[in-house]
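Have the model open as you read.

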Amino acid sequence: MKVIQTKQILILFICVFGFLFTTKAQELVKEKFYSNSVQDSIDIKIWLPKNYDSQKSYPVIFEFVYDHTDYIAATLNHIYECPSTIVVHADFYPGTSYDNPALSAKGEKYYQFVKAELIPHIKKKYKTLHSTATGLSQGADYVNYILRTNPELFDAYMIFAIESPNYEPDFIAYTNKLKEKKDYFIAVANDVERRVKYAEELNTNLSENENLNVEKKEYKNADHSYGMLYGLVDGLLFIYRDFVSYRKMEKEERFSHYFFNVVDEIENKYGTPFYVGLIIQTFTQLTKESPKEDIQTVLDKLFQDEVNISELDLFNIGNILSSELNYHDLSATAFEESIKRGKTKKVRDRKMNLSNTYSWLANTNHKLKNNEGVLSTLEEGFENTKDEYLLSRFAQYANFYENEKDIKKAIKHLLFVLALPESENPDFNPKEPKQKVYLLLSQSFWKLKNIEESKKYLNKSLEIDPEYESALEFQKSIQ
């Protein structure tokens with residue numbers, strides 16, 4: 001069975017619309033937390049992701065020692081391949097030393113705070129899921145201490161421009177407590193030789209452990225202090241790589257079983273999926289042998305989710321079902337639901353051009369031989385968008401169907417378009433070119449056997465553009 005490939009138009013909609021419609025930036029929450037381990041208060045910064053919802057769960061990143069959490073949170077805010085993530089920094093004394101792999105006595109107290117108080121507090125208050133420890137330079141050393149001592153505390157580790165110790169490191173100790181798979185990202189700056197050498201030794205030795213997925217990248221333009229600035233995006237894409245990369249549907253697996261299982265896997269690890277990517281990657285695995293009733297089961301569930309499923313997601317579903325599978329009836333329901341959601345939003349808040357969806361629905365109705373549905377869709381579309389293109393499409397379909405009543409209505413619509421002043425058209429809906437409207441009028445009158453009016457409007461079209469190819473072709477066809 002041939003697996004359907006993702007269409008360029010769907011990728012385009014991700015690129016164009018994916019970054020345009022955010023309603024709220026990340027939010028900083030500051031806490032003063034009293035630690036029983038330290039017997040003192042500790043300042044904590046918590047960056048909540050854009051559109052944070054206290055009823056949902058999120059992954060979390062803890063940065064240790066130095067504080068770049070504003071940069072981490074802002075970066076996450078603009079990468080759709082990463083889940084909405086909480087970012088945390090606690091201001092405390094780390095107690096690490098480049099002369100000794102152990103912590104100082106004071107550092108041990110703060111480490112107890114991290115393990116027994118900070119992590120449980122954030123997890124309980126914010127219902128966090130997948131967790132990552134990260135740090136730059138001395139912070140990277142602290143992250144490695146956690147890996148050696150309590151690797152179960154985090155699911156992933158990111159180190160940037162690590163300092164080299166003055167003692168001989170025991171690399172076996174870095175991984176001998178690992179019991180399950182973890183991710184480990186190393187960013188190497190254009191640094192002094194000893195630091196670069198130590199990072200390479202870490203990569204070589206830690207990669208030997210099957211429970212540690214290691215990724216190392218070098219940044220020749222970054223000095224020591226800017227290791228995180230240059231390497232953060234790569235690190236995030238590595239630790240979150242399966243957020244937008246999903247398993248393939250098995251040969252005999254029902255689509256509904258596959259789709260809902262993929263959603264569950266993402267939700268249990270990262271919270272709300274990135275549905276634009278998920279829908280494209282999963283629905284494009286459908287084949288023409290996929291049972292329609294099974295697809296309908298998934299559609300029914302998605303139609304009920306008015307929070308996470310956008311009009312763009314529903315448009316993409318309709319596009320795949322119609323263009324690739326010829327399941328035009330299912331496609332029409334997806335386009336209709338997309339329009340329904342788009343109509344409730346202001347133009348600037350829509351993730352999908354409403355006029356475009358009306359046009360695709362009309363085309364789908366045409367494939368279903370629902371002529372009446374085609375024309376009523378285009379008229380409704382114009383009423384809701386004021387896009388003159390939809391009335392031009394009405395005329396094209398009416399002329400094709402050759403129904404006298406509809407052609408007369410098309411002429412009425414086209415004359416209305418000509419009468420509209422420039423100022424009445426929204427920026428998203430520019431006026432139709434007059435030469436095109438005149439040509440459609442000419443073709444419509446020709447269908448009604450009104451030769452005089454037909455030639456009049458054809459001449460008007462060619463007066464505006466004597467080289468208008470469509471008009472010249474029509475002129476040639478009626479001579």
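## The sheet

Residues are numbered from 1 along each chain as its sequence is written, and side-chain values use heavy atoms, leaving out hydrogens and water.

Strand β2 (residues 40-48) runs antiparallel to strand β4 (residues 86-90), with 4 bridges between them; two strands count as paired if DSSP finds at least two bridges. They belong to an open sheet of 8 strands with mixed pairing, in the order β1-β2-β4-β3-β5-β6-β7-β8. At the edges you'll find β1 (27-35) and β8 (212-219), and since each has a single partner strand, one side of each is left without a neighbour in the sheet. From one strand to the next the twist averages 20°. Helix α2 (residues 69-76) packs on this sheet and touches β2, β3 (58-63), β4 and β5 (128-136). Its direction makes about 175° with that of β4, using axes fitted as lines to C-alpha atoms (for helices over the stretch in contact) and angles from 0 to 180 degrees between N-to-C directions.

## The chain as a whole

The count comes to 19 helices and 8 strands, taken as DSSP runs numbered from the N terminus (helices H or I, at least four residues; strands E, at least two). The radius of gyration is 30 Å, whereas a compact globule of 479 residues would be near 23 Å; the value is taken over C-alpha atoms, and the globule rule is 2.2 Å times the number of residues to the power 0.38. Along the principal axes, the C-alpha atoms fill a box of roughly 100 × 50 × 40 Å.

Of the 479 residues, 52% are buried (buried is under 20% relative accessible area, exposed over 50%, partly exposed in between, with a 1.4 Å probe and protein chains only). Among contacts (heavy atoms within 4.5 Å) with a separation of 6 or more, 71% come from residues 24 or more positions apart.

## Salt bridges

The whole structure holds 26 salt bridges, each a side-chain nitrogen of Lys or Arg within 4 Å of a carboxyl oxygen of Asp or Glu. One of them joins Glu-265 and Arg-247 at 3.6 Å, N to O. Glu-265 sits in helix α8 (residues 255-270) and Arg-247 in the loop between α7 (227-239) and α8, so the pair ties together parts 18 residues apart in sequence. Glu-265 is partly exposed at 41%, as is Arg-247 at 29%.

Another pairs Asp-329 with Lys-292 at 2.7 Å, N to O. Elsewhere, salt bridges with shared partners join Glu-163, Asp-191, Arg-194 and Arg-195 into one network.

The chain averages a pLDDT of 92, and 94% of residues score at least 70; pLDDT is the predictor's confidence in each residue, from 0 to 100. Over residues 1-23 the pLDDT is below 50, though this stretch has 46 contacts in the model beyond near neighbours in sequence. Where pLDDT is low, the predicted coordinates should not be read in detail.

Notes. Predicted model: local features only at pLDDT ≥ 70, side-chain atom pairs only at ≥ 80, totals over all residues.
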